[in-house]
Amino acid sequence: MKFFIDTANLAQIKEAQELGILDGVTTNPSLMAKEGITGKNNILKHYVDICNLVEGDVSAEVNALDLEGMIREGEELADLSDQIVIKLPMTIDGIKACKYFSDRELKTNMTLVFSAGQALLAAKAGATYVSPFIGRLDDISSDGLVLIEEIRDIYDNYGYETEILAASIRHTMHIVNCAKIGADVMTGPLSAILGLVKHPLTDLGIAQFVADYEKGNI
Ligand code: G3P
């Protein structure tokens with residue numbers, strides 16, 4: 001399972017990168033705004049900064065809603081680095097843009113996916129990644145993990161190569177459950193990734209080992 005971090009915060013990206021387990025980064029306009037990155041030039045520069053921090057794929061989202069604008073913005077983003085994955089919204093024009101870019105062998109990530117039908121379309125359009133937002137489904141009393149299962153079944157039925165990128169991960173068990181189902185990638189906050197390390201028995205065991213080692217050295 002690939003691990004992406006879902007943030008535009010350079011310090012958090014660096015911390016995740018230093019763990020040695022990071023495969024990429026996803027961002028969106030809200031995450032950029034949260035870091036105070038506004039204005040086209042600052043946003044493009046920030047993507048370059050992120051690409052320079054990590055080795056893997058970096059999803060950069062278009063802001064246009066029409067096909068022509070998505071193609072223009074997507075090409076501009078792709079020119080920044082080979083690491084850039086053009087992130088497109090799940091709309092009619094987004095699907096057309098996805099097909100346009102996949103025909104030109106540029107990487108794409110279809111975002112704001114909330115149904116199996118949307119994920120099927122993304123695969124048909126040749127998306128590199130499809131991003132079902134599991135936390136936002138959980139927020140409205142739906143079950144995000146069920147959607148991941150449905151997409152996994154559909155993609156396996158037909159051998160689609162589009163990777164299931166479980167997004168809107170909110171906590172550590174989302175990651176574990178997505179791994180059990182077979183999501184190809186998860187993108188989540190640093191806190192959810194670091195949560196995987198924690199277990200009280202590990203802490204107790206370390207305390208015991210340290211105490212026993214110190215006894216032998218008195
Ligand atoms: O990057 C897209 C997605 O992961 C957003 O998550 O927490 O805003 O639903 P969230």
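Which residues does M110 touch, not counting residues up to four places away in sequence?

**View 1. Contacts of M110.** M110 touches L88, P89, M90, G94, I95, C98, A122, A127, Y129, V130 and S131; contact means heavy atoms within 4.5 Å. This is a predicted model: local features need pLDDT of at least 70, side-chain atom pairs count only at pLDDT 80 or more, and totals for chains, interfaces and linings use all residues. Residues are numbered from 1 along each chain as its sequence is written, and side-chain values use heavy atoms, with hydrogens and water left out.

**View 2. The F4–Y129 ring pair.** F4 and Y129 pair edge-to-face, 5.6 Å centre to centre with 75° between the planes. Rings of Phe, Tyr and Trp (its six-membered ring) pair if their centres lie within 6.5 Å; planes under 30 degrees apart count as stacked, over 60 as edge-to-face and the rest as tilted. F4 lies in strand β1 (residues 2–6) and Y129 in strand β6 (residues 129–132), 125 residues apart. Strands are DSSP runs of E, at least two residues, and helices runs of H or I, at least four, numbered from the N terminus. Both F4 and Y129 are buried. Buried means under 20% relative accessible area, exposed over 50%, partly exposed in between (1.4 Å probe, protein chains only).

**View 3. The tyrosine cluster.** Ring pairs link Y155, Y158 and Y160. Y158 and Y160 are tilted, 5.9 Å centre to centre with 40° between the planes. Y158 is exposed, at 60% relative accessible area. Y160 is partly exposed, at 24%.

**View 4. Helix α4 (residues 67–78).** G69, M70, I71, G74, L77 and A78 are buried. The buried residues of α4 pack against α3 (40–53), β3 (57–61), β4 (84–89) and α5 (92–103).
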